[in-house]
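Try each task before you read its solution.

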Amino acid sequence: MSALGIFKVKKEERWLALAMLLVFISFNALLIGSHYGVYTMGAHDGFWTIFTKNFRMSGYDNWSWITISGMRIHFETSRHPLYLTFLYPMYLLNHWLIYNVGTNFAVFFMAFVIVMSAFYSVIFMYRILREVLQLSRFDATLLTLLMFSFAHVMVPTMVPDHFIISMMLLLMTFYISGMKMRKSRLLRPWQTAVLLFFTAGMATSNGIKTLIASLFTNGKRTFHPKFILLGILLPAAILVGIQQWQYYALEVPQKEVIRNIEIKSKQKNPEKVKSYTKQRTEWLNQHTGENMSEGVIGKLMDISTPRMETLIENFFGESIQLHQQHLLKDVSWDRPIFVKYNWTANYIIEGIIVLLFILGGFIGRRERFFQMLLLCFSCDIALHLILGFGINEVYIMTAGWIFIIPIAFAYLLQILAFAPRRIFRFLLLALTAWLWVYNGGQIIDYLI
């Protein structure tokens, strides 16, 4: 398959893809429609205030809207080195439109990106199940629908953040690697370079998963000098160069502008700024665990937030089923770190899914493709649960790992006899229907 041919929708994928496309468009329309007049204001300044006051969903950022609207950079380009480059052409077009039409189209540009990323996430997930694992069309469709019924796979398909884009790139990487494994072929240096450039460019931690995919696909050939030079070092060097240029050309001048704005704000209304800063500091201190150290890296790591409660309520809990209380609230503003479910049924469903995941993982443990995913999943466990990076809102990282659950279910489906397989399919159907109604219903209720 050619480099661009991978994006061609196959005949058997069309109905699933079309149905999901309509769902994603509907969700994005609801999000934009919830504050349409505000989101599309053609202001020439104040975009940070416009968006941050009106958009709040579980801690996902709206920095992409702000960047496309006014070229203000609020995300860390060192962790997302290609994201600004990706957003910049949309900013240029939007800037022209605001000037000539008087409407801000940032939300529409980003919605198109999010919808298309979600669309191809469906395609690549289906292909992994259908072509790599060779499930039936029914089972591949069912497990794909199950994955997108998970709460924090559903939410990223509408919020203006990078997570669904990252998921699409990761699933594409695993699909390509899985097919190479199945056909006993190798990833070429240029293929690894392209995949690494885009996955690490969107989020540097994803680059580790691409390297793991290359290692499992190519084995010891990954360490060949030519492969290291062209497949790994070259894309890494280009990303560093892009990030550094962006930093000195755009971020450094912007920091000076922001510093001057902050100084003027303090001079204009010092008591208001002091009160706001005090309230924010008190809230964050109460809802943030103890840092590992005061160093640049240590400040990002949390050593005190309870891990077992995190696993139950946030890592598996909120990731799969939204909590009824503090629905889609942000832990940085108005949500406690831990929220309990109102219904015991939520814990039962979570327990069933985790138990089946463990069972399916045990069955698939000897498969090289699953071993690759398991090592990637272990990286997420180490980063978020052991080191504590982003642990207070760990559920927003869901899109980067949760695809391992339906894939584990696929291995379980493969070994079951006819009668047990029918029972398992019925259970998967019930879980999928429940999660779509439960999570989808709560999201719609929140947005309307």
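Buried means under 20% relative accessible area, exposed over 50%, and partly exposed in between, with a 1.4 Å probe and protein chains only as cover. This is a predicted model, in which local features need pLDDT of at least 70 and side-chain atom pairs count only at pLDDT 80 or more, while totals for chains, interfaces and linings use all residues. Residues are numbered from 1 along each chain as its sequence is written, and side-chain values use heavy atoms, with hydrogens and water left out.

**Exercise 1.** Find which residues are linked with Lys-340 in a network of salt bridges.

Solution. 
- Start with the rule: a salt bridge is a side-chain nitrogen of Lys or Arg within 4 Å of a carboxyl oxygen of Asp or Glu. The count by this rule is eleven salt bridges.
- Next, look at Glu-309, whose closest N and O atoms with Lys-340 are 3.7 Å apart. This pair links Glu-309 in helix 14 to Lys-340 in the loop between helix 14 and helix 15, 31 residues apart. (Helices are DSSP runs of H or I with at least four residues, numbered from the N terminus.)
- Then take Glu-313, which forms a salt bridge with Lys-340 at 3.6 Å. Here the partners are 27 residues apart, with Glu-313 in helix 14.
- Put together, Glu-309, Glu-313 and Lys-340 make up the network.
- Finally, check the cover: Lys-340 has 47% relative accessibility, so this residue counts as partly exposed. Glu-309 is also partly exposed at 27%, whereas Glu-313 is buried at 1%.

**Exercise 2.** Work out where in the chain the partners Arg-127 and Glu-13 lie.

Solution. 
- The two side chains meet in a salt bridge of 2.7 Å, N to O.
- Arg-127 belongs to helix 6 (residues 106-132) and Glu-13 to the segment before helix 1 (14-34), so the pair links distant parts of the chain, 114 residues apart.
- Both Arg-127 and Glu-13 are buried.

**Exercise 3.** Decide whether the rings of Trp-343 and Trp-434 are stacked, edge-to-face or tilted.

Solution. 
- Rings of Phe, Tyr and Trp (its six-membered ring) pair if their centres lie within 6.5 Å; planes under 30 degrees apart are stacked, over 60 edge-to-face and the rest tilted. That rule gives 32 aromatic pairs.
- For Trp-343 and Trp-434, the centres are 6.5 Å apart and the planes 55° apart, a tilted pair.
- Trp-343 sits in the loop between helix 14 and helix 15 and Trp-434 in helix 18 (residues 418-447), so the pair ties together parts that are 91 residues apart in sequence.
- Trp-343 is partly exposed at 44%, and Trp-434 is partly exposed at 28%.

**Exercise 4.** Locate Met-71 and His-326, two residues with a positive phi.

Solution. 
- Most residues other than glycine have a negative phi.
- Met-71 has a phi near 55°; this residue is in the loop between helix 4 (63-70) and helix 5 (83-101) and is buried at 12%.
- His-326 has a phi of about 55°; its place is the loop between helix 14 (307-320) and helix 15 (344-363), and His-326 is partly exposed at 35%.

Technical notes:
Helix = DSSP H or I, 4+ residues; strand = E, 2+ residues; numbered from the N terminus.
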